[in-house]
Amino acid sequence: MPADVPAIVAASPLSPREAAELERTERAMDQAELSWYDLGRGLRLIREQRLYRGPGGKTTWEAYCLERWELSDEHARRLMRGSEVRDAIKATPPIGGVLPARESHVRMLTYLDPPDWPRAWQRAPSWSPLRSTPSPATA
């Protein structure tokens with residue numbers, strides 16, 4: 001999802017199916033010890049499917065993030081984008097089994113084009129703040 005997507009005001013309330021999907025996703029996100037990655041993935045799903053809509057369809061994405069998760073829109077977008085980067089890294093072999101442990105590990109990669117994310121991650125040296133553990137090749 002592009003970071004420049006404007007604020008969205010939902011046009012209609014949630015359908016019963018959408019309400020059930022939102023409840024299921026939020027319940028999973030409420031679990032203790034939720035990682036930044038899981039939170040980002042859940043927020044992506046909610047945003048992409050516009051499940052944040054409230055009664056009467058008047059809740060904005062920004063209001064939902066702040067009221068439900070106590071997150072600014074900016075931080076929610078960082079988490080979502082970081083989870084996208086991590087998904088791309090995980091899907092592109094060989095990664096040596098090292099995945100980003102924190103959103104801050106991938107934040108700089110988000111400025112690159114998506115096809116460049118895995119290669120940039122692979123090229124980050126083991127001592128880089130982008131890496132949380134040494135690569136097996138350098139360990």
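Me: Is Glu62 buried, partly exposed or exposed?
Reply: This is a predicted model. Glu62 lies in helix α3, which covers residues 61–69. Buried requires under 20% relative accessible area and exposed requires over 50%. Glu62 has a relative accessibility of 23%, so its class is partly exposed.

Me: What distance separates the C-alpha atoms of Glu62 and Tyr52?
Reply: Glu62 and Tyr52 are ten residues apart along the chain. The separation of their C-alpha atoms is 9.4 Å.

Me: What pattern does the protein follow along the sequence?
Reply: The protein has six helices and zero strands. Read along the sequence, the pattern is therefore written with helix symbols, given that helices and strands are both taken from DSSP runs. That pattern is α-α-α-α-α-α.

Me: Among contacts between residues at least 6 apart in sequence, what percentage join residues at least 24 apart?
Reply: The protein has 139 residues, of which 40% count as buried. For contacts between residues at least 6 apart in sequence, the share that joins residues at least 24 apart is 68%.

Me: What span from first to last C-alpha does α4 reach?
Reply: Helix α4 runs over residues 73–90 and has 18 residues. At 1.5 Å a residue, the expected value is 26 Å. The span in the model is close to that, at 26 Å.

Me: Which helices are among those that cover the buried residues of α4?
Reply: The buried residues of α4 include Leu79, Met80, Val85 and Ile89, and also charged ones such as Asp73, Arg77, Glu84 and Arg86. What covers the buried residues of α4 includes α2, α3, α5 (103–106) and α6 (117–123).

Me: Which helices do the buried residues of α2 pack against?
Reply: α2 has 13 residues and reaches 18 Å, close to the 18 Å expected. Its buried residues are Trp36, Tyr37, Leu39, Gly40, Gly42, Leu43, Arg44, Ile46 and Arg47. They pack against α1, α3, α4 and α5.

Me: Which residues does Trp69 touch, leaving out those up to four places away in sequence?
Reply: With residues up to four places away in sequence not counted, Trp69 touches Glu26, Met29, Asp30, Leu39, Leu43 and Tyr64.

Me: Why does Glu26 count as buried?
Reply: Glu26 is in helix α1. Beyond its neighbours within four places in sequence, Glu26 is in contact with Ile46, Tyr64, Arg68 and Trp69. The limit for buried is under 20%. Glu26 counts as buried because its relative accessibility is 13%.

Me: Is Glu21 buried or exposed?
Reply: Glu21 also lies in helix α1. Residues up to four places away aside, Glu21 touches Leu45, Gln49 and Leu51. Its relative accessibility is 18%, so Glu21 counts as buried.

Me: Which helix gives the most to the lining of the second largest pocket?
Reply: The second largest pocket has a volume of about 210 Å³, and its lining includes Glu21, Arg24, Asp38, Arg41, Arg44 and Glu48. The lining divides into four nonpolar, two polar and six charged residues. α1 (16–30) and α2 (36–48) each supply at least two residues. The helix that gives the most, with six residues, is α2.

Me: What is the phi of Arg50?
Reply: Most residues other than glycine have a negative phi. Arg50 follows α2 and lies in the loop between α2 and α3. The phi of Arg50 is positive, near 55°.

Me: Is Glu70 buried or exposed?
Reply: Glu70 is in the loop between α3 and α4, and has a positive phi of about 55° although it is not a glycine. Arg50 has 30% relative accessibility and so counts as partly exposed. For Glu70 the relative accessibility is 72%, so Glu70 counts as exposed.

Methods:
Residues are numbered from 1 along each chain as its sequence is written. This is a predicted model: local features need pLDDT of at least 70, side-chain atom pairs count only at pLDDT 80 or more; totals for chains, interfaces and linings use all residues. Side-chain values use heavy atoms; hydrogens and water are left out. On a 1 Å grid over the protein atoms alone, a cavity is a set of points where a 1.4 Å probe fits but cannot get out, and a pocket is an open set with protein on both sides within 12 Å along at least five of seven lines; lining residues have an atom within 4 Å of a point. Grid points are joined across faces, edges and corners, and a volume is the space filled by probe spheres set on the points. Helices (H or I, at least four residues) and strands (E, at least two) are DSSP runs, numbered from the N terminus. Buried means under 20% relative accessible area, exposed over 50%, partly exposed in between (1.4 Å probe, protein chains only). The expected span of a helix is 1.5 Å times one less than its number of residues. Contact means heavy atoms within 4.5 Å.
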